[in-house]
Amino acid sequence: MGETHSIEDRFQAFVEAENKVEPKHWMPDGYRKTLVRQISQHAHSEVVGMLPEANWITRAPSLRSKLILLAKVQDEAGHGLYLYSAAETLGTSRDEMIGDLLSGKAKYSSIFNYPTLTWADMGAIGWLVDGAAIANQVMLCRTSYGPYSRAMVRICKEESFHQRQGYEIMMTLAKGTPEQKEMAQDALNRWWWPSIMMFGPSDENSPNSAQSMKWRIKRKSNDELRQEFIDKTVPQAEFIGLTIPDPDLKWNEEKGQHDFGPINWEEFFQVIAGNGPCNAERLEARRKAHEEGAWVREAAAAYAQKQSARSASSAKSAQSSAA
């Protein structure tokens, strides 16, 4: 018993000294399980997050807009790939993770269960959703698990472009016709609250946060990240002449940050439970894509097997020649 505590104490000291945990290192079972849950949910969110935007590629208002949005969706597919690969280093197969997503067992970010009704939603998602993601993910570049940390460095660089692209759309609309500005404001109205819910439940209702912070998986609490995001985003909205849809929002001089109104956590938990506007639609789209892509996976596996057999045959021939 004492030896187990000794190993865990050494592990804790290791992460507190800002060392990176690598796949072959010993780690507590809880640390491994927390990472698999968090990284796989992050990967699922990237893949499901492609759906509300891909729907607008053919309807984007210009060729430039189409190309940028197409590149963004491709980036998100790549992010999912990096993250599934990072999670696999913890001993969980990709098939198992994807199976959990398709069965509804695994969760993904609640934000992707809302519909994209207008082109302005592409701006709101880039500006607000990717902005909230960056606030959370920059912290993860310093997470204690090495493969996750390294994946996040590249992901954050690409997400910064996504945020700027979204803000550019909102700025263009806000400076356009009255109808265009109204469209931008409507998108902000619909996406603001779901975006600040993205950081997760308040700290007192987030059972995993304290342990994740102790293990240096997370560096800041949900409420700290949410506050930072609000403080950065409010002046951005003011700059382009849009109004944050929160009548209680005001600057608190004493605290040096914004006070904001109550969050509708009932809505958040309903969406997480599968009762959001697009939950069923998103999962059905992922299941359909998985089924229709079966032949690609089978072809790739057959090709890999053929190449492996070829390599083995070549190596055997080389050995025979050398003999």
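1. Start with the contacts (heavy atoms within 4.5 Å). Among contacts in the protein chain between residues at least 6 apart in sequence, 75% join residues at least 24 apart. This is a predicted model, where local features need pLDDT of at least 70, side-chain atom pairs count only at pLDDT 80 or more, and totals for chains, interfaces and linings use all residues. Residues are numbered from 1 along each chain as its sequence is written, and side-chain values use heavy atoms, with hydrogens and water left out.

2. Now the overall picture. The protein chain has 13 helices and two strands. Both are DSSP runs, numbered from the N terminus: helices are H or I with at least four residues, strands are E with at least two. The C-alpha atoms fill a box of roughly 80 × 55 × 35 Å, taken along the principal axes. Of the 323 residues, 45% are buried. Buried means under 20% relative accessible area, exposed means over 50%, and partly exposed lies in between (1.4 Å probe, protein chains only).

3. Look at helix α4, residues 63–88. Its 26 residues reach 38 Å from the first C-alpha to the last, close to the 38 Å expected at 1.5 Å a residue. The expected span is 1.5 Å times one less than the number of residues. Buried residues of α4 include Leu69, Val73, Leu83 and Tyr84. The buried residues of α4 pack against α2 (29–48), α3 (50–54), α5 (94–103), α6 (120–140) and α7.

4. Next, a helix pair. Two packed helices are described by the angle between their axes and the distance between the axes. α2 and α5 pack at an angle of about 60°, with axes 11 Å apart. Axes are lines fitted to C-alpha atoms, for helices over the stretch in contact, and angles run from 0 to 180 degrees between N-to-C directions. The α2 and α5 crossing is right-handed. That label applies if the near helix is turned clockwise from the far one by less than a right angle, and left-handed if anticlockwise. Ser40, His44 and Val48 in α2 meet Met97, Ile98 and Leu101 in α5.

5. Which residues does Ser149 touch beyond its neighbours within four places in sequence? They are Lys20, Leu140, Cys141, Arg142 and Thr143. Ser149 lies in helix α7 (residues 146–174). Ser149 is buried, with a relative accessible area of 5%.

6. Check the cysteines. A disulfide is a pair of cysteine sulfur atoms within 2.5 Å. By this rule there are zero disulfides. The sulfur of Cys156 is 3.7 Å from the closest cysteine sulfur, in Cys141, so the two are too far apart for a bond. Cys156 is buried at 10% relative accessibility. Cys278 is also buried, at 4%.

7. Two backbone angles deserve a look. Most residues other than glycine have a negative phi. Glu18 has a positive phi, near 65°. Glu18 sits in the loop between α1 (2–16) and α2, and is partly exposed at 43% relative accessibility. Arg216 also has a positive phi near 65°. Arg216 is in the loop between α9 (209–214) and α10 (222–239). Arg216 is partly exposed, with a relative accessible area of 21%.

8. Last, Glu224. The C-alpha atoms of Glu224 and Leu140 are separated by 14 Å, and the two residues are 84 apart along the chain.
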